[in-house]
Amino acid sequence: MNLPDIDNIKTPWAIDDKSILSQLHADSESGLSSTEAARRLSFVGYNKIESSKRVSPFRILINQFISPFVLLLTVAAGLSFFFEEWLDGFAIIAVIVINAIIGFFMEFQAERSMEALKKLTSVPARVVRDSKIIEIPSEEVVPGDILFVEGGDMITADARVIQASQFQTDESALTGESLPVEKNTKALQQDVSLAERHNMLYKGTFVTKGNGRAIVVHTGMTTELGAVARLVQQASQAATPLEKKIQQFSKKLIWITVGLLIIIFIAGILNGQKIVQMLETSIALAVAAIPEGLPIVATLALAFGMLRMAKYNVIVKKLSAVETLGGTNVIVTDKTGTLTQNKIEAAYMQVYNAASRINVDVSKASIRFIDNNTLIDTPAHIELHRIAALCNTAAYHYDGQSEKESGDPLEVGLLKMVFSSAIKPEDHQKQFPKVDEIPFSSDTKIMATLHKNNQDYYIAAKGAVEELLTFCSSVMEGNEIVALTDDKRKQWLINAEKQAQSGLRILAFAFRLTKEKEKDFLHHLTLAGLIGFIDPPRPEVPAAIEECKSAGIKVVMITGDHPATAKNIAIQLGLAKEEDEVMHGNAMKPYDQLTDADKEKWLHTPVFARVSPEHKLSLITLFQEKKMIVGMTGDGVNDAPALKKADIGIAMGQRGTQVAQEVADMVLKDDAFSSIVLAIKQGRMIFDNIRKFVIFLLSCNLSELLIVATASVLNLHFQLFPLQILFINLVTDVLPALALGVTEAAPHIMQRKPYSSETSIINKKRWSAIFVYSSIIAVTNIGAVFVSHELLHDMEGWNKELCNNILFYSLIFSQILHVFNMSFEKGVAFHKTEVFRNKYVWFAVVGCIILSMISYWIIPVRNVLDVTIYGWRDWIIVIAASFLSLFLIQLVKRMRWVI
Ligand code: ATP
């Protein structure tokens, strides 16, 4: 079969639904066959937006050679060749090549990690293939696919609607219009604007209500979103705040280094050094001292951190979120499924004058009434079961061995209860086919359905007790239906409240029979009774909450559930105390109407109950006004604004809608609260690690500058040679810095207060620490040369080469050992610090020692670096000086003179 002529379908909204199907060679019932879909995919390509051109490995390699540093080194090499220092010239070229190779691998790895991360966050699509609805990665959707979408789903391609029921979408991403748009199947004029094409779905928009089917017309870059993306494609990916900070800070360093270099250069010339020699030394120092690789190492640390979090079921979608996580100081979390297990079971039943705890056992198909058996087979009891089966969109099946379930866990709990009784859910559903539905929403807290029953109609409704009671005018008492007086209403509310206090989630169930098919059927209902559910807390949550407390992170529960149920669970989890007050949604006002007293009260309330999504926005605004960094969980379509507004929007991977997952910064695959705490810990750790290698690199580089500056200014008898400087940097910078980037969390990382959002990586205190560290390294190293001279070689006069060699090796070893100073935690024994326990640091140390010994053992390298052999006594001095610098830095740190 030929491919359909997609390019010619320019105005699909003007074509009627039958013709569009035939033009795209598709069938609305059976969809495409998988072989045909694969064939189309190979022609049209993947359905994805190319956000920016992929950088080819070759380009990454070339980029390594386009930098001021390579230019500087090339000048140095040129100078060497000009003065016929052939060995030096070739060695500098080798340095350029080695640097480029290291840079290439780091950048390539960073690109790779970012791509792996993008894959983790891809959205699935439901399509009809081979007559079945299946879920496929949205990249594989092709023109002609029949797309099935419902409330909360992201639309993954441009498609023409062919079936719609109560179907609404939010197209604000494309049109800027935030009101939902009603969708239908009617063909339109050719010239209607995008916002008025009510029979089209567009990639990147989402379904707010109802459901529908649509035939895919355009995918990937040919969609409307693709066209917009093409326009903005040139814009490069924005750097995260942390990366920006590092870039700015690297720029500052350039000027400091240039200043120092000028001093070194002038002092050298005044002291009679050759200009060429001083030029080369300055270039080598410039290349060594300016940490041009910092931003990429930082990106790598962030990207690795994200990949590591993915292993713990936390998908972080933006690099910048990792940094924000480290500073999070309030978590606003919902209850159901995040703090509790979401294994909801019916555990209590109440009709007119009888109440009992119940125990549902699907394997025996039995419901045990623990306190009171008189409930069974009363008319209200039968009605409760019928409503439970009918007012329900979940599915449950048990074949005697395994259970299959899908949908809202509360509704699954209800189906299990009905399944364990005499009449099975499907029998109820067959007898009363559904004709209309008012879906559950966390705003109304009610769900209702309309069913046909022979010639009549039956209305089934369930929901939060106080809400549903407002739609009830009568109640079932025994065999009778009597008016629901105010007194009776009050009594039902008191009963529900009492049960909620024991942690049960209580729902009311009501019904009505009618002759007519009504459009608005939610009125004059008859209350049948109450059912209570248990949803046990997750066992790991109390420890996670405890950890938050010691980490200075406030945890607030915000739930749609009843205040008493919420408080009971909060107390069980250690989130609230008996005397704490629960804030009711009714008592919450929009943010701009809050008085100072209200704000104060909100800030000290641990539990907010019966809350609707807009209350979440007010609460975030308040916290943010107080300069707090807010992590907020959410799962529904209505939670999207709050998820966007929070500093870290956290969506649930299992319960969450696609929209919530799309707008969130982070998705919890296991929905668990403890994963949030884990992510915060990882965020803090990554920030710490970046800080560690920045401080390490800067103090090493500064120590080199100080040594060369001292030798030049004081006109000492020895100096470091340019190639030696380059070698030290190759050996001691890369491996330890990368190893520091993957250090585990420090022992007390969660007992520290969160970083404030303004914390810079290197503040004044850290600058002075860097200065102290590098001065200690410089002094002990120069000291080593004098000691060796005085003790061992005084007779021989100043042996420049030997002095230089001692300086060279003691600097290498001091820098290698300096990595162990990079734990910033106070009062932790040396061997218990996270750096000492990081096996990669040990690999790096051993690797660096081997590399430095190559310079000693391998003759050509030794010649290039001007290294000569000397005796074991000198080696002892070198090693003693390196350990002395480690010891002194440990001393100043432990005496708390510096950080
Ligand atoms: P959280 O916000 O912590 O997830 P929640 O799940 O209780 O808590 P919602 O899902 O908004 O929040 O539910 C609010 C209330 O609506 C519940 O307490 C219950 O009374 C009622 N409710 C929940 N699910 C249904 C449902 N499927 N049908 C009818 N009413 C429901």
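Helices here are DSSP runs of at least four residues in H or I, and strands are runs of at least two in E, both numbered from the N terminus. On that count, the chain in this predicted model has 29 helices and 27 strands. Of the 899 residues, 53% count as buried. Take the contacts with a sequence separation of 6 or more: 71% of them come from residues 24 or more positions apart.

**H10 against H23**

- Two packed helices are described by the angle between their axes and the distance between those axes.
- For helix H10 (residues 294-311) and helix H23 (residues 673-713), the axes come within 10 Å and cross at roughly 155°.
- Angles over 145 degrees count as roughly antiparallel, so H10 is roughly antiparallel to H23.
- The crossing of this pair, H10 and H23, is right-handed.
- On the H10 side, the residues that meet H23 are Leu294, Val297, Ala298, Ala301, Leu302, Gly305, Arg308 and Met309.
- H23 answers with Ala679, Gln682, Gly683, Met685, Ile686, Ile690, Phe693, Val694 and Leu697.
- Sorted by class, the contact of H10 with H23 has 13 nonpolar, three polar and one charged residues.

**Loops next to that pair**

- Most residues other than glycine have a negative phi.
- Asn313 has a positive phi instead, near 70°, and sits in the loop between H10 and strand S8 (314-316).
- With 29% relative accessibility, Asn313 counts as partly exposed.
- Asp671 also has a positive phi, near 60°, and lies in the loop between strand S27 (666-668) and H23.
- Asp671 counts as buried, because its relative accessibility is 2%.

- Look for Thr743 in the loop between helix H24 (722-741) and helix H25 (764-792).
- Its relative accessibility is 0%, so Thr743 counts as buried.
- Leaving out residues up to four places away in sequence, Thr743 touches Arg308, Met685, Asn689, Lys692, Glu834, Val835 and Asn838.
- Two of those names also turn up where H10 meets H23: Arg308 in H10 and Met685 in H23.
- The side chains of Thr743 and Asn838 are joined by a polar contact of 3.1 Å.
- Thr743 and Arg837 are 94 residues apart in sequence, while their C-alpha atoms are 8.5 Å apart in space.

**H16 against H18**

- Helix H16 (residues 486-501) packs with helix H18 (residues 563-573) at an angle of about 10°, and their axes are 7 Å apart.
- Angles under 35 degrees count as roughly parallel, so that is the label for H16 and H18.
- Glu497, Ala500 and Gln501 of H16 make the contact with Ala564, Thr565 and Asn568 of H18.
- By class, the contact of H16 with H18 has two nonpolar, three polar and one charged residues.

**H13, a mostly covered helix**

- Helix H13 (residues 409-419) has nine of its eleven residues buried.
- The buried residues in H13 are Leu410, Glu411, Val412, Gly413, Leu414, Leu415, Met417, Val418 and Phe419.
- At the start of H13, a side-chain oxygen of Asp408 comes within 3.0 Å of the backbone nitrogen of Leu410.

Notes: Residues numbered from 1 in each chain as written. Predicted model: local features only at pLDDT ≥ 70, side-chain atom pairs only at ≥ 80, totals over all residues. Heavy atoms only, no water. Axes fitted to C-alpha atoms, helices over the stretch in contact; angles between N-to-C directions. Parallel < 35°, antiparallel > 145°, perpendicular 65-115°, else oblique. Left-handed = near helix turned anticlockwise from the far one by under 90°. Contact = heavy atoms within 4.5 Å. Nonpolar A, V, L, I, M, F, W, Y, C, P; charged D, E, K, R; others polar. Buried < 20%, exposed > 50% of the residue type's maximum accessible area, 1.4 Å probe, protein only. Polar contact = N/O pair within 3.5 Å; in protein donor to acceptor, adjacent residues only side chain to side chain.
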